[in-house]
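Student: I have a fold open and want to learn how to read it, feature by feature. Where do we begin?
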Amino acid sequence: MKELITTDGARLAYQDTGGDGVPLVMLHGWGQTQAMFRHQIEGLAPGRRVVTVDLRGHGKSGKPRHGYRIARLSRDVLELVDHLGLNRFDALGWSMGVSVWWSFIDQYGTGRVRRFVAVDQPAAVAAVPWMTEREQRDSGAIFDVSGLLYLGAALAGPEGGTVRAEFVRSMFSGEPDPEVLAFVTEEISSTPAYAGVPLLFDHCAQDWRDVLPRIDVPTLVIGCEGSHVHPDSQRFVAERIPGARLHVFASDVASSHFPFLENPPAFNTVVEKFLAEEPVNGM
């Protein structure tokens, strides 16, 4: 594991396999870690250069008392790719990691991104009152505002550990693999409430629908029938991004928010096929 100190003093732990070809930079979701991608580091094309990072407040990275906003996390990613000299790379985000990439694209553009993979993230997580019911449904909103506030308070409260575990369990349909569930539950425990709660609030308050039509690189959107993120929200994201394609894993292939852990071969095959495609019409 290597480390980078950001311009505002946060210590980021990252891994760089240093293989050949276009690097793939992978970002994990809220409360999780780069270990989520343990089956992709070597499971994708042999020799592919893969970069993963524990976002600030997560995993083995530092947990400062500042910077828990999606915009700051995207700045951290910019500083990481600058540090590594990545002028051209493929970007993959899962869950909140997709939002970090959307923020990155919103602020810094797509000039360095060759291909983009967005895994199981709604365009807006909170159903704010000024959205119509149709907009709330299309955006994939998971919480209403009162529900988000209740969850944040519960996570910050004395039963926060239990609430975290229940939150993780809600992301699986049916009976999850005990090892996978235990692994995810353990990883999320590395993020303290003082970091996780304000970041979750900021993350859920974002609405990325205006960014989607401005994504002008080849994009693959991945959903899961058994996830707590409804596949229709992933169809909406794919329809809003020009030329994007959609892959939804059936529930008998993967039935949770974690297809890369549940069924690594299936997930890796879909991602690798997309990344290996030749460009068509400049895309």
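Tutor: Begin with burial. Under 20% relative accessible area, a residue counts as buried. In this predicted model, Gln121 has 3% relative accessibility, so Gln121 counts as buried.

Student: Where is Gln121 placed, and what does Gln121 touch?

Tutor: Gln121 sits in the loop between E6 and E7. Leaving out residues up to four places away in sequence, Gln121 touches Ser95, Met96, Val98, Ser99, Trp102, His203, Gln234 and Val237.

Student: Ser95 is among those contacts. How do I read the phi of Ser95?

Tutor: Phi of Ser95 is near 55 degrees, a positive value in a residue other than glycine. Ser95 belongs to the loop between E5 and helix H2 (96-108). With a relative accessible area of 12%, Ser95 is buried.

Student: What is the phi of Asp120, and where is Asp120 placed?

Tutor: Asp120 is not glycine, and its phi is positive, near 60 degrees. Its place is the loop between strand E6 (113-119) and strand E7 (126-127). Asp120 is buried, with a relative accessible area of 1%.

Student: Now a strand residue. Is Phe89 buried or exposed?

Tutor: Read the area, then the neighbours. Phe89 lies in strand E5 (residues 89-94). Its relative accessible area is 0%, so Phe89 is buried. Its contacts beyond four places in sequence are Val22, Pro23, Val25, Val81, Trp101, Phe104, Arg112, Val113, Arg114 and Arg115.

Student: How far is Phe89 from Gly111, in sequence and in space?

Tutor: Keep the two kinds of distance apart. Phe89 and Gly111 are 22 residues apart in sequence. Their C-alpha atoms are 9.8 Å apart in space.

Student: What about Asp138 and Val22?

Tutor: These two are 116 residues apart along the chain, and 33 Å separates their C-alpha atoms. Asp138 lies in helix H3 (residues 133-139). Beyond four places in sequence, Asp138 touches Ser233 and Phe236.

Student: How do I read the buried side of a helix?

Tutor: Start from the helical repeat. An α-helix has 3.6 residues a turn, so residues three or four places apart point the same way. Now take helix H5 (residues 160-169): its buried residues are Gly160, Val163, Phe167 and Val168. They fall within an arc of 135 degrees when seen down the axis of H5, so they line one face of the helix.

Student: What covers the buried residues of H5?

Tutor: The cover includes strand E8 (143-144), helix H4 (145-156) and helix H6 (178-188).

Student: Let us step back. How many helices and strands are there in the protein?

Tutor: There are 10 helices and 10 strands. Of the 283 residues, 55% count as buried.

Student: What is the radius of gyration, and how does the protein span its principal axes?

Tutor: Compare the radius with a rule for globules. A compact globule of 283 residues would have a radius of gyration near 19 Å; the protein has 17 Å, which agrees. The C-alpha trace spans about 50 × 40 × 35 Å along its principal axes.

Student: And sequence range in the contacts?

Tutor: Take contacts between residues at least 6 apart in sequence. Of these, 74% join residues at least 24 apart.

Student: What share of the accessible surface belongs to carbon and sulfur atoms?

Tutor: The accessible surface comes to about 11,800 Å², and 52% of this belongs to carbon and sulfur atoms. The protein has 26 positive and 35 negative side chains, with the centres of the two sets 5 Å apart.

Methods. Residues numbered from 1 in each chain as written. Predicted model: local features only at pLDDT ≥ 70, side-chain atom pairs only at ≥ 80, totals over all residues. Heavy atoms only, no water. Helix = DSSP H or I, 4+ residues; strand = E, 2+ residues; numbered from the N terminus. Contact = heavy atoms within 4.5 Å. Buried < 20%, exposed > 50% of the residue type's maximum accessible area, 1.4 Å probe, protein only. Arc of directions from axis to C-beta. Rg over C-alpha atoms; globule rule 2.2 N^0.38 Å. Areas by Shrake-Rupley, 256 points an atom, 1.4 Å probe, with all protein chains shown as cover. Lys, Arg positive; Asp, Glu negative; His and termini not counted. Charge placed at Lys NZ, Arg CZ, Asp CG, Glu CD.
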